[in-house]
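Let's go through this one by question and answer. Have the sequence and the model open as you read.

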Amino acid sequence: MQQLGINLDKSLSKNGGDFINDNYIEELLKNSTEDKVRYREIFAKAQGNNPLTLEETAQLLAIKSPEGKEELFNAARELKKQIYGNRIVLFAPLYIGNYCVNNCAYCGFRKEASNTIRKTLSRDELIKEVTQLEDEGQKRLILVFGESPKYTPEYIAECTKIVYSVHSKNGAIRRVNINAAPLDIKGYQIVKSAGIGTYQVFQETYHKPTYSKYHPKNTIKGDYLWRLDAMDRAYEAGIDDMGIGALIGLYDWKFEVMGLVSHAIHLKEKYGVGPHTISFPRIQPATDMTTDLPYITSDEDFEKLVAIIRLSVPYTGMIMTARETKEIRNKVIDFGVSQIDAGTRLEIGGYQKPKDSQQALNEEQFQIGDTRKLEDVVYWLLQNDYIPSFCTSCYRAGRTGEHFMEFAIPGFIKKFCTPNALLTLVEYLEDYASEKTKIEGYRLINKELDQMPDSAYKQNIIKKIEQAKSGERDLRV
Ligand code: SAM
Ligand code: SF4
């Protein structure tokens with residue numbers, strides 16, 4: 001079928017069905033009240049590595065008292081420490097093109113945003129952007145596309161291959177994730193064959209009347225179920241690395257949490273594999289944005305949202321983007337976030353443009369809250385005893401769905417994740433960091449090594465760190 005110039009074969013889709021039960025979610029949200037005994041049982045269940053049900057999630061969403069919130073934050077902190085340790089994976093978004101046939105009322109790329117300058121990176125520009133990102137020390141990218149006949153699956157696959165082929169000095173992009181429109185099954189197969197990591201599609205809002213309000217029916221994105229089924233089709237096409245998300249601020253954030261948890265439960269029950277990552281971007285002002293947003297979510301509620309998702313879906317990676325300010329990032333990173341972007345530029349070709357030029361602003365999809373450079377984010381993480389990680393070991397060793405392993409295999413993090421994160425940190429410190437960051441980085445590396453019991457395994461890690469220091473790259477245990 002062709003719609004707005006885009007070919008989509010909807011016939012092959014088995015259709016995941018409508019697994020969002022609006023009435024049940026509303027009922028649970030209405031009827032759940034704060035109950036100390038019950039929420040403590042639920043925290044214990046989550047901390048035993050068990051995903052929560054919708055009913056249990058609603059119980060956590062009902063927590064209001066200061067004492068309850070404190071316990072909630074502590075429970076999320078504890079779970080994150082216990083399961084994931086102190087690594088934070090770093091990545092950067094790379095906007096490839098902002099042509100779009102859709103008209104999402106909140107987005108600076110929407111068809112009717114007349115002040116937006118439309119652009120798609122040429123092959124040369126793409127190579128320059130990737131070179132610049134590699135020269136800053138990035139190893140993981142997410143390529144972002146509007147929905148347009150220009151951005152076919154073949155085109156997305158080609159961009160992915162170009163990114164992997166660029167090697168500046170010691171640099172390399174080792175993992176390319178995608179955030180683009182939902183594809184049909186054949187389309188997903190094409191992008192998978194280019195070696196993508198995660199395919200991300202955000203439902204934006206799980207609440208159907210709100211979905212219709214922001215996504216006109218006569219656009220491709222106006223089809224709620226086609227989008228809801230996006231990850232089912234991806235899985236059927238062989239992609240088991242799926243990223244889901246909701247754009248927080250379109251509807252009641254509590255409903256969106258229930259939607260995200262419903263989605264995770266659906267994928268896990270149907271395919272035995274839940275989402276690889278959950279994103280919860282808060283809506284930001286965008287070019288030509290005229291729409292009303294009556295559900296803007298406060299910082300306080302956002303903190304609760306992060307803690308509750310951490311507890312409800314303990315096996316999943318959680319992404320907090322630079323839409324958030326550094327103050328908010330500082331606060332909620334503790335509650336369970338495992339990935340953040342750093343050094344982010346949203347304009348097309350933005351990694352080479354002077355910041356804040358009017359043209360740059362008109363090519364942005366929305367404004368970001370954390371404008372720090374990668375180096376500053378690395379330094380900040382180190383100072384707070386987080387290991388900035390550029391690790392892609394699992395993916396490169398063919399271990400997809402690594403979060404499940406981290407989660408399911410006792411000792412996996414100590415044995416693989418922490419040492420491999422440290423090795424990528426050494427690469428960063430040697431190749432890209434300032435003296436100040438280097439000192440802070442080796443302080444943390446030594447601290448981490450001191451915490452490891454003496455063993456042949458530890459000696460092997462120390463040996464590899466020395467090899468990395470003397471110039472060997474892409475080492476892993
Ligand atoms: N066009 C594809 C789509 O819509 O799925 C992918 C690219 S789109 C640029 C990526 C995401 O940006 C959207 O899924 C949406 O959640 C987010 N986004 C759009 N407008 C935003 C805004 N004003 N503030 C924050 N995030 C926004
Ligand atoms: Fe297009 Fe995606 Fe923006 Fe909607 S959110 S207007 S589909 S780029």
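A residue is taken to be near a molecule if one of its heavy atoms lies within 4 Å of it. Keep in mind that this is a predicted model.

Q: Which residues surround ligand 2?
A: Go by that 4 Å cut-off for heavy atoms. The shell it picks out around ligand 2 is Cys-100, Asn-102, Cys-104, Cys-107, Phe-109, Arg-110, Gly-146 and Lys-221.

Q: How many nonpolar, polar and charged residues does the shell around ligand 2 have?
A: Cys and Phe count as nonpolar, Arg and Lys as charged, and Gly as polar. Sorted that way, the shell around ligand 2 comes to 4 nonpolar, 2 polar and 2 charged residues.

Q: Why is α2 oblique to α3?
A: Helix α2 covers residues 36–47 and helix α3 covers residues 54–61, with their axes 10 Å apart. Roughly perpendicular ends at 115 degrees and roughly antiparallel starts over 145. The two helices pack at an angle of about 120 degrees. That angle makes α2 oblique to α3.

Q: Which residues of α3 do the α2 residues meet?
A: The crossing of these two helices, α2 and α3, is left-handed. From α2 come Arg-38, Tyr-39, Ile-42, Phe-43 and Lys-45. What they meet in α3 is Glu-55, Glu-56, Gln-59 and Leu-60.

Q: How far apart do the C-alpha centres of domain 1 and domain 2 lie?
A: The domain assignment gives domain 1 as 2–19 + 86–408 and domain 2 as 22–79. Between them, 26 residues of domain 1 are in contact with 25 residues of domain 2. Their C-alpha centres lie apart by 27 Å.

Technical notes:
Residues numbered from 1 in each chain as written. Chains lettered and ligands numbered in written order. Predicted model: local features only at pLDDT ≥ 70, side-chain atom pairs only at ≥ 80, totals over all residues. Heavy atoms only, no water. Axes fitted to C-alpha atoms, helices over the stretch in contact; angles between N-to-C directions. Helix = DSSP H or I, 4+ residues; strand = E, 2+ residues; numbered from the N terminus. Parallel < 35°, antiparallel > 145°, perpendicular 65-115°, else oblique. Left-handed = near helix turned anticlockwise from the far one by under 90°. Contact = heavy atoms within 4.5 Å. Domains from an automatic or database assignment.
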